[in-house]
Amino acid sequence: MPHTRRSLFRGSLAASAALALPAAAVPVTAAPAFARSGRPGAPWGTQSGEITPFSATVWTRADRPARMYVETSPSESFRHAVRRHRGPYLGPATDFTGTTALHGLPPGRQIHYRVLLADPDDPTRTGGPVHGTFRTSPVTRRSGVRFLWSGDLAGQGWGINPDLGGFRVFSEMRRLDPDFFLFSGDTVYADGPIQPSVPLRDGTLWRNITTPEKAKVAETLAEFRGNFRYNLLDHHLRGFNAQVPVIAQWDDHEVRNNWYPGQLLDDPRYTVKDVDVLAARARQAFGEYFPLHDLRAGDPDGRMYRVVHHGPLLDVFVLDMRTHRNANSPGRQTTDPQGILGARQLAWLKRELSRSRATWKVIAADMPLGIVVPDGATDFEAVAQGDPGAPLGRELQIADLLRHVKHRRITGTLWLTADVHYTSAQHYAPERAAFGDFEPFWEFVSGPVGAGGFPHGRLDATFGPRQEFVRSAPLPNMSPAEHPPYFGEVEIDGDSGELTVRLRAEGIGVLFSKTLRPGLVGQ
């Protein structure tokens with residue numbers, strides 16, 4: 001990657017330091033208050049996403065009503081070829097967030113941008129610029145692709161710890177200079193209050209930055225919005241967002257642990273018992289706090305699932321295994337047309353996989369396939385339910401998909417996920433499976449990026465998984481100070497087309513690596 005991408009942040013990260021975490025002596029803080037005088041600012045930083053060869057989407061949040069503008073240039077000095085893109089009015093209807101679509105960009109190029117916020121009544125009154133950068137998708141394969149993935153941030157009570165300097169893992173990931181970050185769900189923990197301090201096993205205290213919205217489970221739209229704002233108090237995350245575009249998907253904790261449509265809660269922490277009401281509010285906040293046009297303002301027709309094209313080497317199929325699922329159950333049904341994806345999403349996925357001409361087709365799942373994830377004493381939360389025999393319940397839908405990939409001779413598929421709070425690599429093969437009508441494939445798991453670490457789960461033998469690598473916490477809910485955050489890296493070589501997956505731990509480096517050859521139906 002070119003030197004200019006990193007050099008931009010000698011200046012912009014210095015600016016971020018002015019927005020850094022509160023001093024360690026002050027354990028409680030709130031999000032920046034709205035000022036009623038002066039010029040508009042963007043203390044929550046900027047993000048980019050929806051990157052194509054010729055366009056992108058830029059996000060920000062203002063500290064008061066403002067008009068958003070984005071200026072772009074091929075030069076980080078902004079001395080040449082500066083273009084101004086007029087964005088929306090940022091006001092209370094969207095919690096002062098907004099996105100601006102950038103069009104007419106050159107493919108495969110580093111684009112530098114700066115967000116300017118203007119007083120709606122006086123466009124000449126603007127705050128200081130907030131800088132960012134991204135690379136447009138290539139139209140040739142020569143440059144290769146590198147991206148990171150992980151999930152689960154600020155979960156299980158482990159929030160922004162000023163004693164540790166916050167979410168430092170994001171600065172480590174930023175230094176790898178990826179093309180984008182796949183945020184594989186549990187981007188916030190709306191059901192996980194953050195307390196000022198948490199006792200650790202060694203007798204010391206983990207201390208958290210706190211906000212009013214994180215003092216209880218989220219039920220109102222304002223509380224869901226506050227969960228997203230909380231994470232952006234961290235200067236490591238803001239610096240990462242300014243440099244690395246995001247592909248965001250959701251899972252359960254954006255709403256509530258293990259939720260499914262139609263669920264009625266029996267949880268005394270909630271006065272709102274209808275999970276569909278909570279999910280609608282969470283969906284609106286999610287759309288407001290990520291650069292996603294289809295989900296702005298909770299658009300009911302906007303889909304969480306989508307395919308992201310990144311040049312001829314890569315398509316990313318972002319699944320939604322939450323919105324369209326059936327109720328969690330023992331999973332022993334012999335017919336299950338709804339499953340974990342819903343019939344419409346499954347048909348879409350089959351169609352788009354068949355149409356894809358990318359060398360690699362990454363299926364970004366917010367839950368694993370073969371790892372057993374219980375929900376209480378009798379029900380199951382993901383696909384597997386522990387029965388090693390022929391597919392049952394939600395496994396039937398996955399079997400249908402795997403059969404489709406085999407018979408349509410779809411090459412270069414692999415699965416990435418997070419969710420289970422450890423990192424592992426599973427190889428699935430028909431000769432080891434109870435269901436054999438599929439070609440071998442790999443599933444890689446990484447995370448959490450900033451939440452509790454847990455021991456690894458057991459595998460369900462229906463699709464013949466063999467665990468080639470696993471690293472997990474020895475005890476449940478170990479803090480990031482006791483057990484390191486995990487994230488994964490995928491690199492596709494532009495010359496050979498080979499894809500290499502690296503499972504990483506913060507402060508340690510590569511734990512496991514696997515290189516796959518292109519052009520094969522099974523791996």
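Me: Over which ring does the charged end of Arg 84 sit?

Reply: This is a predicted model, in which local features need pLDDT of at least 70 and side-chain atom pairs count only at pLDDT 80 or more, while totals for chains, interfaces and linings use all residues. Residues are numbered from 1 along each chain as its sequence is written, and side-chain values use heavy atoms, with hydrogens and water left out. A charge sits over a ring if NZ of Lys or CZ of Arg is within 6 Å of the ring centre and within 35 degrees of the ring normal. The charged end of Arg 84 meets this rule at 4.7 Å from the ring centre, and the ring belongs to Tyr 69.

Me: Which ring has Arg 61 over its face?

Reply: The rule for a charge over a ring applies here too. Arg 61 lies 4.3 Å from the ring centre, over the face of Trp 44.

Me: How many aromatic pairs are there?

Reply: Rings of Phe, Tyr and Trp (its six-membered ring) pair if their centres lie within 6.5 Å, and planes under 30 degrees apart count as stacked, over 60 as edge-to-face and the rest as tilted. Ring pairs link a cluster that includes Trp 59, Phe 183, Phe 228, Phe 286, Tyr 289 and Phe 290. By this rule the count of aromatic pairs is 25.

Me: How many residues apart in sequence are the parts that the pair of Phe 183 and Phe 290 ties together?

Reply: The ring centres of Phe 183 and Phe 290 are 6.3 Å apart with their planes at 85°, so the pair is edge-to-face. Both Phe 183 and Phe 290 are buried, where buried means under 20% relative accessible area, exposed over 50% and partly exposed in between (1.4 Å probe, protein chains only). Helices (H or I, at least four residues) and strands (E, at least two) are DSSP runs, numbered from the N terminus. Because Phe 183 lies in strand E10 (residues 180-184) and Phe 290 in the loop between helix H5 (275-289) and strand E14 (306-310), the pair ties together parts whose separation in residues is 107.

Me: What is the orientation of H3 and H5 to each other?

Reply: Axes are lines fitted to C-alpha atoms, for helices over the stretch in contact, and angles run from 0 to 180 degrees between N-to-C directions. The axes of H3 and H5 come within 9 Å and cross at roughly 40°. Angles under 35 degrees count as roughly parallel, over 145 as roughly antiparallel, 65 to 115 as roughly perpendicular and the rest as oblique. The two helices, H3 and H5, are therefore oblique.

Me: Against which elements do the buried residues of H3 pack?

Reply: Helix H3 (residues 221-231) is mostly covered, with 9 of its 11 residues buried, among them Phe 224, Arg 225, Phe 228 and Arg 229. Contact means heavy atoms within 4.5 Å, and residues of H3 including Phe 224 and Phe 228 meet residues of H5 that include Ala 282, Phe 286 and Tyr 289. The elements against which the buried residues of H3 pack are strand E2 (56-61), helix H4 (235-243) and H5.

Me: What is the handedness of the crossing in which H6 passes H7?

Reply: The axes of helix H6 (residues 343-355) and helix H7 (residues 395-407) come within 10 Å and cross at roughly 15°, which means that H6 is roughly parallel to H7. The contact involves residues including Leu 346, Leu 349 and Leu 353 of H6 and Leu 401, His 404 and Val 405 of H7. A crossing is left-handed if the near helix is turned anticlockwise from the far one by less than a right angle, and right-handed if clockwise. The crossing of H6 with H7 is right-handed.

Me: Does Asp 177 count as buried or exposed?

Reply: Most residues other than glycine have a negative phi, and most peptide bonds are trans. Asp 177, which is not a glycine, has a positive phi of about 55°, and its place is the loop between helix H2 (169-175) and E10. Since its relative accessibility is 0%, Asp 177 counts as buried.

Me: Does Arg 409 count as buried or exposed?

Reply: Arg 409 also has a positive phi of about 55° without being a glycine, and it lies in the loop between H7 and strand E19 (413-417). Because its relative accessibility is 52%, Arg 409 counts as exposed.

Me: Where is Pro 448 found?

Reply: The peptide bond that leads from Gly 447 to Pro 448 is cis, with omega near 5°. Pro 448 is found in the loop between strand E21 (441-445) and strand E22 (465-471).
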